[in-house]
Structures are given as structure tokens and as C-alpha cells.
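Okay, thanks for coming, everyone. Let me put the model up on the screen, and then we'll go through a few things together.

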Amino acid sequence: YYENENLLSSIFSNIINFIILNMLIVLAIVEDRPGWAPPRTIGSGEILPLAIMIIPIAFFLVQQAFSFLDKRKSSDFYHSIPQKRICVYSTIVLSVITYLCLIILGAVLVNTLIFATSDYYYISFSTTLFALSGTTLATLCMAGTALLCKMLSGNAITYWFYSVLSFLIPKIMVYLFLNLLSDINQSIVISDIKIDFITAENTPLFLFFVPNDNDLLNAESLFEIFKTSATALIEAFLLIGISAILYCKRKSQLAEKRIAYKGAHVFFSILVCTPLLFLAYFYFQTFSIHRFDGSLIILISLSFLIHFLFELIISKSPKKAFKALPRFLITLLVTSGIIASAFAVGNIYVLSNPTADEIQSIYLTSHKESIDVFDYVYYDYTTTYPSEQYFNLPTTSSDAFKAVVEDLKTSINRNRGLKYTKHRYTVNMTLKNGKKVSRSVMFSEESFFTVVKNIMIENKDNERIILPPWEE
């Protein structure tokens with residue numbers, strides 16, 4: 001009785017705290033509005049400024065709801081209830097999901113009401129709907145991840161280690177992988193690479209939103225919204241379903257054990273070290289390729305130390321931690337495989353680069369910033385011809401196609417190509433077979449002039465275009 005009472009009080013305190021903190025930030029935003037500015041439309045991503053708080057709440061609720069799995073007596077008691085295990089599991093999971101949905105619903109409705117009663121901000125029903133549905137689906141995925149970690153752990157300490165690793169490491173690895181991919185092949189438009197699985201999305205929040213109502217008028221945006229929502233829902237059900245199977249087959253003897261499943265523990269021990277090893281290679285390739293400063297050895301040694309400390313904390317046995325050291329070789333092999341896959345993907349992009357004869361039309365847009373924090377290529381903001389004139393305007397010139405294809409070859413690797421080019425743009429190509437391809441191209445002065453000249457000549461009737469003297 002007292003355990004249930006404490007659980008309910010902690011749940012309701014989480015609900016109130018989440019709603020109040022989000023509400024206070026929204027009130028501060030509303031009060032801080034500029035008096036001279038016209039009314040502004042609120043995007044769905046702005047309704048819950050502290051949406052990320054729902055993630056630790058989800059992990060906390062799962063731990064509280066299934067805390068009986070951490071104690072042998074409690075585990076024996078629940079497993080002896082004259083009900084099928086799947087019924088007990090479903091009841092607990094539905095209660096957790098209900099509480100999470102109530103938290104999100106309450107916070108979204110309160111903040112929507114605040115924005116709606118403001119004279120400066122405008123918020124639509126569709127914005128509220130997408131904020132509610134997007135946050136709920138992302139939270140379901142987090143709850144599914146928490147459930148899986150709980151079923152794989154033997155006690156609360158192991159559960160929290162597994163939970164933190166399962167939340168952070170996939171995102172860190174996606175970030176590092178895309179950085180390495182961008183370094184391997186500079187022509188890849190990294191921002192176009194989408195990770196449909198919400199638990200591996202390249203964002204610290206992992207909560208997807210529709211930025212504004214204009215996306216509802218765009219068929220392509222609507223399809224992306226539907227696809228992302230569908231994959232998030234499938235992923236949530238898959239995680240919850242796997243957790244249900246593990247719960248139904250779980251033995252009471254696993255309670256209070258630090259390592260419930262050896263295979264799961266090996267997986268997480270690999271997971272904890274992989275990002276640092278990946279970073280070690282990336283740092284070595286990016287900065288130390290021509291000089292050896294010992295950073296590679298330091299990072300690998302630090303990764304080895306983290307592996308040992310992880311084993312020591314989980315097992316609480318120095319002997320077992322030392323015995324687990326050879327498993328570090330598995331981590332090295334896994335990291336090597338991921339690095340090799342990045343090179344393979346980069347080469348696939350090279351092989352899929354179109355030829356001039358395959359292109360039907362092209363148009364330029366500004367270079368989409370990648371997530372590459374080590375990107376030293378600077379951009380031209382003082383060109384002779386303002387970029388607004390030739391952006392998003394097509395050309396069908398074969399000379400322009402040849403110039404793009406030629407410079408695309410040298411744009412793949414900054415060490416082989418134009419390291420400090422003034423003209424780096426995203427070239428959006430429509431092929432004769434109907435396929436659309438985008439590449440980041442670092443143009444030489446001659447090639448850039450050829451492309452821009454053809455764009456301006458073919459679009460000279462456009463009111464944005466002011467032809468320079470060479471047209472005469």
C-alpha cells in the first residue's frame with residue numbers, strides 16, 4: 001500500500017512539475033514579445049520548450065512500475081499471481097503510457113491556451129495536434145526503449161546504466177558516422193540523409209515536430225510526416241512487444257542480479273566504448289594524418305579504461321572486470337566495421353554520381369550546412385552577382401552540366417580538390433529518368449561562371465535577374 005502511495009505521489013509530482021516548468025517558460029516568452037513586431041505564428045516545436053524532460057520521466061515511470069523485478073520476493077509474488085504474465089505486463093505498461101499521455105496532453109493544452117490568448121502570437125489547431133501527436137509518438141519510443149532496458153537488467157543500477165547508454169549512444173554514433181561520411185565524401189549533402197528510426201535520429205531531443213502549417217499544403221512534407229509517424233509507431237510497438245516476450249520468459253532468479261543476461265551485458269559494454277574509439281579514428285584521420293601527436297593512443301587508452309570501469313561498476317568485482325578485458329577486442333572489431341561501412345557508403349555515393357548525359361536540368365541552392373564541426377571550407381558572401389538572383393532557377397545547358405560533373409569529381413575529397421573554394425553550393429539535379437539527386441559542389445571560378453551565366457541567360461525574363469555586361 002505504501003509503495004503504491006509513494007508511486008502515485010511521485011507520478012503526480014512529475015506531471016505537475018513538467019506542466020508548470022513548460023508553462024513558466026511560455027509565459028516568459030509571451031511577456032517578452034516585442035511591442036512593435038507584427039503577430040507571429042507559433043510552430044508546433046515551440047509549444048513545449050522543455051519537451052526533452054519527458055524522456056527522463058518516461059524512464060523513471062518504467063523503473064517505478066517494474067521495480068518489483070529488482071527484488072526476489074517481490075518478483076516471486078508478482079509471478080505467482082493467478083493471471084497470465086502478459087496480462088500483468090499489459091496492465092502495467094498501459095498505466096505507464098496513460099500517465100505519460102496525460103503529462104503531454106496537459107502541458108500542450110495549457111501552453112496552447114497561453115499562446116491563443118496572447119495578442120502577439122497566433123496558434124492553429126493543426127499546430128497543437130501535431131505537437132501533441134509528435135511528442136506522444138516520440139515518448140512511446142522512449143518508453144519502449146526503457147521497457148527493453150528494464151527487462152534486460154537485473155537491478156536498478158544496471159537499468160539506469162543501460163537506459164542512459166541506449167538513449168545517448170545511438171545518437172552520438174549517428175552524429176559521428178555522418179561526420180566521418182562527410183569527411184570521406186565532401187559532395188554528400190548530409191542534411192538530406194534522414195534516419196527514420198526515432199531512437200537513432202540525429203537530434204538531442206528526439207522529438208519530431210511540424211515547423212508550421214505550410215507543410216500541410218505540401219504533398220512531399222505530408223508524406224514525410226506520415227512516414228516518420230508510422231515508423232515511430234512501428235518502432236514503439238516493436239520495442240514494447242520484445243519487452244513483453246522477455247517479461248513472460250523472465251525468471252525470478254534474475255532479480256537482484258547485476259548481470260541478468262550476459263549477451264545484453266556484452267552488447268552494452270561494446271556500446272559504451274564505441275563512440276570514443278570512433279572519435280579516435282576520426283580525429284586521427286582529420287587532424288593527425290600528416291603528424292602523429294599521440295592523441296590516437298590517448299583516446300584508445302581512455303576507451304580501454306572506460307571499458308574496465310564499466311565492467312567494474314556493473315559486476316562490483318575487480319576479478320570479473322579484469323577477465324572481461326579481452327572483450328575490448330570485440331569493441332575494436334565492431335568500431336572497425338562501422339568505419340569500413342562509412343567508406344563503403346561514401347563510395348556508393350561516388351558510383352551513383354550522374355554523368356552530364358544523364359542530367360535533364362539543374363538548379364543551385366545555398367550550401368546546406370552539414371553537422372561537420374570540422375568543416376573549414378568558407379563560403380562566398382561577396383560574389384559579383386548576388387546569390388538571390390540565381391538560386392532555385394533551373395538551367396538545361398549541357399555546358400553547365402559538364403561544369404558541374406567535372407567539379408563534382410574534385411569535390412569528393414577536400415584534400416584532392418579545392419580546399420578553400422569561394423563557391424560551394426548544393427546542386428539539385430533532375431535526371432532524365434525522373435530521379436532527383438543533390439550534391440554539394442565546390443566550383444572553380446571558371447565552372448561557377450559557366451553555370452551562373454547559363455542560369456541567368458535562360459531565366460532573363462525573371463524579374464529577379466539583372467544580366468551583367470557579358471550578356472551584351
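So, start with helix H5, residues 125-152, and helix H6, residues 156-184: their axes come within 9 Å and cross at roughly 140°. This is a predicted model, by the way, so keep that in mind as we go. Now, why do we call H5 oblique to H6? Because angles over 145 degrees would count as roughly antiparallel, and the crossing here is roughly 140°, so H5 ends up oblique to H6. As for its hand, the crossing of H5 and H6 is right-handed.

Who's actually touching whom? On the H5 side you've got Met-142, Thr-145, Ala-146, Cys-149, Lys-150 and Leu-152, and they meet Tyr-159, Tyr-162, Ser-163, Ser-166 and Phe-167 in H6. Sorted by class, that contact has 7 nonpolar, 3 polar and 1 charged residues.

Okay, on to the aromatic rings. Searching the whole structure turns up 14 aromatic pairs. One of them is Tyr-89 with Tyr-247, a tilted pair at 5.6 Å centre to centre, with 35° between the planes. That pair links distant parts of the chain: Tyr-89 sits in helix H4 (residues 85-116) and Tyr-247 in helix H7 (residues 219-249), 158 residues apart. Tyr-89 and Tyr-247 are both buried.

Then there's Phe-115 with Tyr-121, and this pair is edge-to-face, 5.5 Å centre to centre and 70° between the planes. Phe-115 and Tyr-121 are both buried too.

Definitions and conventions. Residues numbered from 1 in each chain as written. Predicted model: local features only at pLDDT ≥ 70, side-chain atom pairs only at ≥ 80, totals over all residues. Heavy atoms only, no water. Axes fitted to C-alpha atoms, helices over the stretch in contact; angles between N-to-C directions. Helix = DSSP H or I, 4+ residues; strand = E, 2+ residues; numbered from the N terminus. Parallel < 35°, antiparallel > 145°, perpendicular 65-115°, else oblique. Left-handed = near helix turned anticlockwise from the far one by under 90°. Contact = heavy atoms within 4.5 Å. Nonpolar A, V, L, I, M, F, W, Y, C, P; charged D, E, K, R; others polar. Phe/Tyr/Trp six-rings, centres within 6.5 Å; stacked < 30°, edge-to-face > 60°. Buried < 20%, exposed > 50% of the residue type's maximum accessible area, 1.4 Å probe, protein only.
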